[in-house]
Every structure is written in structure tokens, then in C-alpha cells.
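Please look over the structure below together with these notes, which take up a few of its features one at a time.

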Amino acid sequence: MKRRFVTAVLASVAIATVLSAAGPARAQEIQLTGPLKGAPAVRELRLYRQGRFEIAPAISFTLLDEYRRTILVGARLNYNIRDWIAIGVWGAAGAISTTTDLTDRIDSLPAPRDPLTAVNVNHSTDPSGGFRPFANQAAKISYVVAPQLTFIPFRGKLAIFNKIFVDTDLYLAGGVAFVGIKERGDCGGQGQIACSNPNSFDLTSKSKIAPTFGVGLTFYPSSFVSFGVEYRGLPFSWNRAGFDSRGSGPNGNFPDNQVNSTDESFKFNQLVTVDLGFSFPTTPKISE
């Protein structure tokens with residue numbers, strides 16, 4: 001028994017001595033040698049953006065409109081500081097404006113024209129004897145100018161049927177938009193024309209300042225030419241129908257026989273854009 005006890009004590013002392021002498025665990029650093037030492041992740045990468053100026057004519061279509069759709073024609077101008085960041089401006093002007101089915105139905109039913117609706121719907125008649133179209137008072141976008149920053153977090157190749165491969169990048173854009181609109185002018189206030197007057201339904205030019213942001217894909221079929229598609233948000237408040245809907249009663253939620261800024265409502269305006277881009281210099285840089 002004494003011999004076993006002494007043996008156990010000596011073994012414990014030996015183990016404790018080894019553990020105390022051992023240093024802290026360290027990860028082994030892997031040293032690359034040969035042709036891969038110091039090599040970049042990708043060699044001879046085409047830098048389609050870095051150091052290049054881009055001009056991209058574009059056409060934009062508004063989405064989910066209640067009363068009037070707008071097709072805008074414009075362009076995007078960008079200077080690509082690096083391959084992942086650019087500074088520029090996007091601008092467009094309303095070229096075509098069409099009515100929605102809701103607007104057409106208001107005119108075709110037709111909407112009641114009586115003293116109760118005189119503030120909201122034009123009661124005057126055109127030369128043919130019919131009421132003037134409701135579309136004449138529906139607001140529309142005239143132009144948009146938006147200085148913006150563009151970030152390009154992802155790039156790669158898009159394969160089509162495993163036969164066609166095209167260089168592609170995904171970008172995020174954000175900035176401040178200066179928006180010109182045409183909507184029904186103010187009426188019914190002190191010193192203003194009455195809202196039941198037919199002339200009060202004329203559209204007047206106004207401007208808005210709003211945030212804007214977009215996400216898109218750019219495809220590079222060649223070194224000089226690109227094309228892309230973009231979704232853009234443009235949220236701001238405006239009176240799209242020209243109605244008197246707020247201004248009196250509890251919390252101002254009832255009509256007050258006036259049309260002004262209190263009748264505006266928030267709308268998350270949305271657009272989809274297609275563009276055709278041209279980059280200068282015409283040849284992109286190549287990485288090491």
C-alpha cells in the first residue's frame with residue numbers, strides 16, 4: 001500500500017511539472033512560398049468602373065400610380081472613383097403621361113357633378129357639352145434631378161444557359177432628389193379663388209425635395225458599352241387627385257373647402273429604369 005501511494009504521488013508531481021512548464025497554445029502561421037507568395041486573389045481583372053466617366057441615357061417608368069402614369073427620359077452621369085464607389089447625378093424629364101384605369105372610370109361613369117362634389121370635381125363643360133376630364137386635374141411628375149453616391153458591393157459573371165457569360169455588377173445608389181411636379185393649385189383660402197371655380201382645377205408647377213435610393217444591375221457585354229436595369233424609390237407627399245380631403249375637424253382629417261398643402265398625402269413613388277451606358281476612356285484598366 002505504501003509503495004502504491006508513493007508511486008501515485010510521484011506521478012501527480014510529474015504531471016503538474018509538465019503542465020506548468022508548457023507555454024500558451026499558439027496557432028501556426030502558414031507561410032506561402034513559390035509563385036503564389038504575395039499574389040492577389042484575382043489576376044488581370046477588368047476594372048470596368050475605376051477611373052472612368054460614364055454617361056447612360058435612360059428611360060424610366062413610374063409604378064403603382066393611382067391616377068396618372070409617367071414615362072421619363074433622361075440620363076445618369078457617373079465618375080467612378082474606384083471600382084466600388086462612384087459619384088454622379090441622375091436626371092429625367094416627364095415625356096409621356098397616361099391615365100390609369102381608375103381615372104378613366106371616373107370620367108366614364110361619370111362621377112357625380114353636384115354641389116357636394118363641386119370642390120373636388122370640375123363641373124364646367126367642354127365645347128362638346130361634356131364635363132371636362134378628371135385627368136386634367138390629376139397631378140404628374142415633370143422632372144427629377146438627383147445627385148447621388150453609388151456603391152458597388154458585388155461583381156461577377158452572369159451565365160445564360162451555360163453558353164453566354166457576361167460581366168455583371170450589383171450597385172446601390174442613394175442621394176437627394178429635386179422633383180418638379182404639376183398638381184392642382186391652392187384655392188379656397190383668403191384672397192384665393194374659390195375651389196368650385198372651374199379655373200381652380202388648373203395644374204400649377206411645384207417642387208419637392210425628397211430622399212431617393214435605388215438598386216440595380218449593370219451588364220458589360222463589351223469594354224465600352226454597358227446596359228442595366230434599376231429599381232428606384234422616391235418618397236414624398238403630394239396631392240395626386242387634387243381633392244380637398246383634410247384640414248378641418250378632429251386632427252384635421254375632414255374637408256375644409258380648401259385645397260392646399262394639408263391635403264397632400266405620403267406616397268412611396270416607385271420607378272423602374274433601363275439604361276444604355278458608355279464609358280470613357282473606352283478601354284478599362286486591368287489589375288495586376
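1. Cys195 is buried, because its relative accessible area is 3%, and buried here means under 20% relative accessible area, while exposed means over 50% and partly exposed lies in between (1.4 Å probe, protein chains only). Its partner in a disulfide is Cys187, with the two sulfur atoms 2.1 Å apart, and Cys187 also counts as buried, since its relative accessible area is 0%. The structure holds 1 disulfide, and the link of Cys187 and Cys195 is right-handed, with 105° about the S-S bond.

2. Before going further, please keep in mind that this is a predicted model, in which local features need pLDDT of at least 70 and side-chain atom pairs count only at pLDDT 80 or more, whereas totals for chains, interfaces and linings use all residues. Residues are numbered from 1 along each chain as its sequence is written, and side-chain values use heavy atoms, with hydrogens and water left out.

3. Which residues does Ala118 touch, not counting residues up to four places away in sequence? They are His123, Cys195, Ser196 and Phe201, where contact means heavy atoms within 4.5 Å, so Cys195 of the disulfide is among them. Ala118 and Ser196 are 78 residues apart in sequence, yet 5.1 Å apart in space, C-alpha to C-alpha. Ala118 is placed in the loop between H2 and E5, where helices (H or I, at least four residues) and strands (E, at least two) are DSSP runs, numbered from the N terminus. Ala118 counts as buried because its relative accessibility is 14%.

4. Thr117 has its place in the loop between H2 and strand E5, which spans 140-160. At 19% relative accessibility, Thr117 counts as buried, and, leaving out residues up to four places away in sequence, Thr117 touches Pro112 and His123.

5. Leu102 belongs to helix H2, made up of residues 101-108, and is partly exposed, because its relative accessible area is 40%. Apart from neighbours within four places in sequence, Leu102 is in contact with Glu66 and Tyr67. Leu102 and Glu66 lie 36 residues apart in sequence, and their C-alpha atoms are 6.9 Å apart in space.

6. A nonpolar core is a set of buried Ala, Val, Leu, Ile, Met, Phe, Trp, Tyr and Cys residues joined through side-chain atoms within 4.5 Å. The largest such core has 15 residues, and those with the most contacts inside it are Ile141, Val144, Val179, Leu234 and Phe236. Strand E4 (85-99), E5, strand E6 (164-184) and strand E8 (225-238) each supply at least two residues of this core. Apart from it lies another core, of 5 residues, including Ile106, Phe134, Ala138 and Ala241.

7. How many cavities of 30 Å³ or more are there? The count comes to 4, where a cavity is a set of points, on a 1 Å grid over the protein atoms alone, in which a 1.4 Å probe fits but cannot get out, and lining residues have an atom within 4 Å of a point. Grid points are joined across faces, edges and corners, and a volume is the space filled by probe spheres set on the points. The largest cavity holds about 50 Å³ of space and is lined by Asp65, Glu66, Tyr67, Arg68, Ala139, Trp238 and Arg240. This lining divides into 3 nonpolar, no polar and 4 charged residues, with Ala, Val, Leu, Ile, Met, Phe, Trp, Tyr, Cys and Pro counted as nonpolar, Asp, Glu, Lys and Arg as charged, and the others, Gly among them, as polar.

8. Some backbone details also deserve a look. The peptide bond from Phe280 to Pro281 is cis, with omega near -5°, and Pro281 lies in the loop between strand E11 (265-280) and strand E12 (285-286). Phe161, in the loop between E5 and E6, has a phi near 55°, a positive value in a residue other than glycine, and is exposed, with a relative accessible area of 76%. Asn251 is not a glycine either, but has a positive phi of about 60°; Asn251 is exposed at 73% relative accessible area.

Technical notes: 1 Å grid on protein atoms, 1.4 Å probe; cavity = no way out; pocket = protein on both sides within 12 Å on 5 of 7 lines; lining within 4 Å. Disulfide = S-S within 2.5 Å.
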